[in-house]
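Reader: Can you walk me through this one, starting with a single residue and then zooming out?

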Amino acid sequence: MTKSNVNIAIVGATGAVGKVFIDLMKERKFPAQEIRLLASKRSEGKVISVNGQDLTVSETTADSFKNIDIAFISASADVSREFAPIAVQNGAIVVDDSSAFRLTNGVPLVIPEVNANDLLSHEGITAIPNCSTIQMAMVLKPLHDVNPIKRIIVDTYQAVSGTGIAAITELHEQSRDFINSETISPEIYPHQIAFNLLPHIEPFLNTGYTNEENKMIEETRKILHAPDMLISATCVRVPVFYGHSEAIHIEFENPFLPDDARKVLNDFPGISVIDNPQNNEYPMPLNSANNNDVFVGRIRKDLSCDNGLALWVVSDNLRKGAALNAMQIAEHMIKMGLIE
Ligand code: A2P
């Protein structure tokens with residue numbers, strides 16, 4: 001396959017991630033010949049500009065995947081469960097942004113900078129990890145390669161855009177209503193999100209952890225090929241529009257000087273270190289939004305354990321946390337000759 005004759009379907013083209021994926025097609029000059037925009041019936045007929053070309057959105061049906069080489073799906077796990085197998089039957093490679101297949105055997109769960117070679121064993125569907133997992137695993141990988149990790153404790157501060165467009169609207173409206181002393185009626189989240197924090201992302205499991213926290217644990221182990229890695233996570237939704245932040249405490253087998261970690265991280269593709277606290281320089285959601293990199297700062301010795309480091313990691317959850325990672329997988333698969 002030459003670079004210019006890939007036919008691509010985007011399921012969820014009208015969603016928060018789908019829109020960024022479309023922006024990235026232009027930014028990265030993705031080599032698509034045909035681009036098919038798909039969503040629910042609600043969006044049928046909507047026109048979206050892609051690379052300066054006006055394209056009409058169609059309803060996603062079983063017939064949507066004929067002559068498609070790559071199907072990017074970012075809608076919901078149910079939509080992925082329904083349409084990913086159909087796309088594969090039609091000969092497409094699926095790059096799936098949902099949790100539907102991430103832990104399934106035979107489905108590579110890939111961050112290209114970290115484990116691109118896992119793509120070699122794909123059987124049609126490839127999955128991209130959860131947004132909060134991606135930015136953490138990007139940072140863990142180069143550190144783990146030079147000094148094995150024993151234990152991780154991570155707390156997240158996750159933007160509402162991770163929930164989708166309706167949650168972005170809810171934060172806008174609640175912020176306005178709060179300032180105007182009007183009544184707030186939460187719809188997307190169980191409580192008011194404006195001027196509040198929710199230590200609750202996705203349903204609670206029997207362990208007391210949430211499904212989101214469990215994803216960070218299980219997906220990280222799969223990506224790093226480290227099934228026994230000890231990880232504990234607390235995931236918190238915060239009233240930020242774009243950009244997830246994470247406080248990560250890592251215990252290594254051997255001592256790790258912060259300066260050495262800074263260098264290892266700076267040398268890793270896709271990571272930028274911003275770590276000059278004396279000048280108030282550290283990563284923040286506002287300066288990571290619309291950027292492709294994972295930003296790391298506040299790199300310091302964890303005073304509570306001998307071989308520990310503490311870090312602060314911020315990334316645009318819709319870019320590296322979703323659409324960019326998906327596009328990088330497709331780019332890698334083309335380069336590796338895996339798209340036939
Ligand atoms: P639609 O806009 O037609 O509802 P977000 O995460 O921002 O909420 O976006 C979710 C995306 O998933 C949207 O593009 C939405 O389309 C799409 N979607 C929702 N339900 C379906 C479905 N049954 N089939 C295909 N796409 C769907």
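Author: Let's begin with Arg-237, which sits in strand 10, residues 230–237 (strands are DSSP E runs of at least two residues, helices H or I runs of at least four, numbered from the N terminus). This is a predicted model, where local features need pLDDT of at least 70, side-chain atom pairs count only at pLDDT 80 or more, and totals for chains, interfaces and linings use all residues. Residues are numbered from 1 along each chain as its sequence is written, and side-chain values use heavy atoms, leaving out hydrogens and water.

Reader: Which side chain of opposite charge is nearest to Arg-237?

Author: Arg-237 is buried, meaning under 20% relative accessible area with a 1.4 Å probe, protein chains only. Lys and Arg count as positive, Asp and Glu as negative, with His and the chain ends not counted. A salt bridge needs a Lys or Arg side-chain nitrogen within 4 Å of a carboxyl oxygen of Asp or Glu. Arg-237 has none, and the nearest opposite charge, 5.4 Å away, is on Glu-212.

Reader: How many helices and strands are there in the protein?

Author: The radius of gyration, taken over C-alpha atoms, is compared with a globule rule of 2.2 Å times the number of residues to the power 0.38. Along its principal axes, the C-alpha trace spans about 60 × 55 × 40 Å. Of the 340 residues, 54% count as buried. As for your count, the protein has 9 helices and 14 strands.

Reader: What is the radius of gyration of the protein?

Author: For 340 residues the globule rule gives 20 Å, and the protein comes close to that, so it is as compact as a globular protein of that length. Its radius of gyration is 20 Å.

Conventions: Buried means under 20% relative accessible area, exposed over 50%, partly exposed in between (1.4 Å probe, protein chains only).
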